[in-house]
Amino acid sequence: MVRLDEQYDVIVVGTGLTECILSGLLSVDGKKVLHMDRNDYYGGESASLNLTQLYRKFRPGEEPPPELGRDRDYNIDLIPKFMMANGELVKMLTHTDVTRYLEFKQISGSYVYRDGQISKVPASEFEAVRSPLMRLFEKRRAKKFFEYMQNWREEDPNTHQGIDLNSVPMSKVYEKFGLEPGTQDFIGHAMALYLNESYLNRPAREAYERIILYISSVARYGKSPYIYPLYGLGELPQGFARLSAIYGGTYMLDKSVDEIVYDSNGQVCGVRSGDKIAKTKQVIGDPSYFPGKVQKVGKVVRAICLLKHPIPNTDDVDSIQLVIPQNQVNRKHDIYIASVSSSHNVCAKDYYLAIVSTIVETDNPEAEIKPGLDLLGTIKPIEDGCKDQVFISCSYDASSHFGTVCDDVKDIYRRVTGKDLVLKQRLRQEEEQREIGET
Amino acid sequence: MSNNSRQNGSDSTARAGGENGLTPSANLKPVQVKLVLLGEAAVGKSSLVFRFVNNEFQENKEPTIGAAFLTQKCRLEDKVIKFEIWDTAGQERFHSLAPMYYRNAQAAVVVYDVTKAASLDKAKSWVKELQRQANPNIVIALAGNKIDLVQPNEEGEDDSESGRQVPTEEAKAYALEAGLLFFETSAKKGDGVRDVFTEIAKKIPLEHIISRPRQVNNNSNQINVIQPPGANRNNGGGPAKDCAC
């Protein structure tokens, strides 16, 4: 039996997605991992909570109103993100085989707000032709721009048309194709998913990668570039935690992490919980476990809204991403709306979940997300005391997909193991078993 | 405990990749059923499955490491069930089993140790958890394992057995009341193990599962993306091309 006062190679504190991916990868590498969380659920800040947990967190002392239905029907994400169908996280899922524990659904559409209207970001040439986002001539120019992007090959100068994407800023590339500011807006914010305008002055290569990721992700399943796990994002850390456990990782939820213990040389040597110390050589954890070692770099405001209808003007689909580019509402950062529904097993039947978020720019964050809330239609008051079902939380991460999480994983992996993360296919368990069975 | 194995029982030939020994039901498409194991640490959950799948027993087995899940087919007269059996991977030891584990499970075997009274209490709390959180149609079997450790009491006039802490009648009464299948088993000797899975197979409401198959994708370069009905399944979706059958 495993005991707390044993020696581990790595202790991971917090079961957020980043920590769980790392825990899984390190266990697969043969490291002896202890993984702890102060909460009695998986996921930390990237958890999906049921109603009881949600109310405990944001409305302590209040009971969820009975008309919301059964607790088990709810898996509400604390941080809204969608997965790029062709993105790095999908690679991590498939290469570790964690995808076998999970099921996904497409997000039905990616939308952008412009001039007071919500429009679909075209997912096909057919949609592009009919899109109200551009007028006829602009459509031709945009077509040329996308053809250039898709044909561009680093090693083939003939495809460069005299632009070096590695040095020329993105603004110059837009200029070359004569794209209007409105078009730049939806390309930069709804496709390349930049939260502000600073990318315009940076080398275009990064925007190129993001645009290609978007296009290739749309090409995978058709409707939008995004996929989403049934039962909410909280399934992702749980899946990687299972991977870690299968390879010998030890899990302790609901365990207080009282002290990170250092030796006389200032090297970490253990983690104390109560009067027990688990010994280790390395510790990985989310910022909340290291209050003295982190600095606040920004603040995000989020509102979790429960709707009785789809978001108006979005073709009544079951799920969307809607980006309000900063220009459109005189801000520096975009406002994001992520909406999923009962068809993703995250809320009771006939309900829709919409999470509005942005990076805080003023000392009145609630007012900053109002343009987003205004697009949701009536946020139905669902009786007594719960007012509008709006729960506000703050955290560090505002990006709308998992690119930054994966970068973080790779960076920490490199620092922990001293080598780069190479995703290789692991031997399938069933095959392993079969081989054993046959001998 | 049910001793009659009227049915053909489980089929381990499929695992070895052969089509040998298949009965006329071989042309039936196997129905995939996710089965989860629950119970206190060291009650013999993995041993039970190891006995069922490989018909073997390992003495002093280390806590479970390394297997995502095992598969085993169980053939009845009119259907073939392919169990996808999930082990806890030790996450139950510190009460840290993820809800994802029993998500969509159509069957569960909750195991206790007949020589440890407390393990039945733990089993009861797992049953409660399943009834609260899992699929409402889930078929749950309660299995009292390690009956090989129980000796009939030689000088006793009553039915008492040395080593036993959970009387059969007590557990049986609880199972009846909670609507569970009930078995006593010995993973070591093999007693009762097949019955657990065969009886579950019989009780699984197949119509329900057939109407919404779990699309386990065995091509690991893809991801299980559920397509809406009628959508073109060019990627990700599609029925599982499973195993050797």
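1. Helices (H or I, at least four residues) and strands (E, at least two) are DSSP runs, numbered from the N terminus. Two strands pair if DSSP finds at least two bridges between them.

2. This is a predicted model, in which local features need pLDDT of at least 70, side-chain atom pairs count only at pLDDT 80 or more, and totals for chains, interfaces and linings use all residues. Residues are numbered from 1 along each chain as its sequence is written, while chains are lettered from A and ligands numbered from 1 in the order in which they are written.

3. Chain A holds an open sheet of six strands. The order is β10-β2-β1-β13-β12-β11, and the pairing is mixed. β10 (250-252) and β11 (259-262) of chain A stand at the edges. Each has a single partner strand, so one side of each lacks a neighbour in the sheet. Neighbouring strands of this sheet are turned by 40° against each other on average, direction ignored (axes are lines fitted to C-alpha atoms, for helices over the stretch in contact; angles run from 0 to 180 degrees between N-to-C directions).

4. Strands β1 (residues 7-13) and β13 (residues 276-285) of chain A run parallel, joined by six bridges. Here Val10(A) is opposite Gln282(A) of β13(A).

5. β13(A) also pairs with β12 (residues 268-273) of chain A, antiparallel, over four bridges. Arg272(A) faces Ile277(A) in β13(A). Gly270(A) stands opposite Lys279(A) in β13(A).

6. β12(A) and β13(A) form a hairpin with two residues between the strands. There Gly274(A) has a positive phi near 60°.
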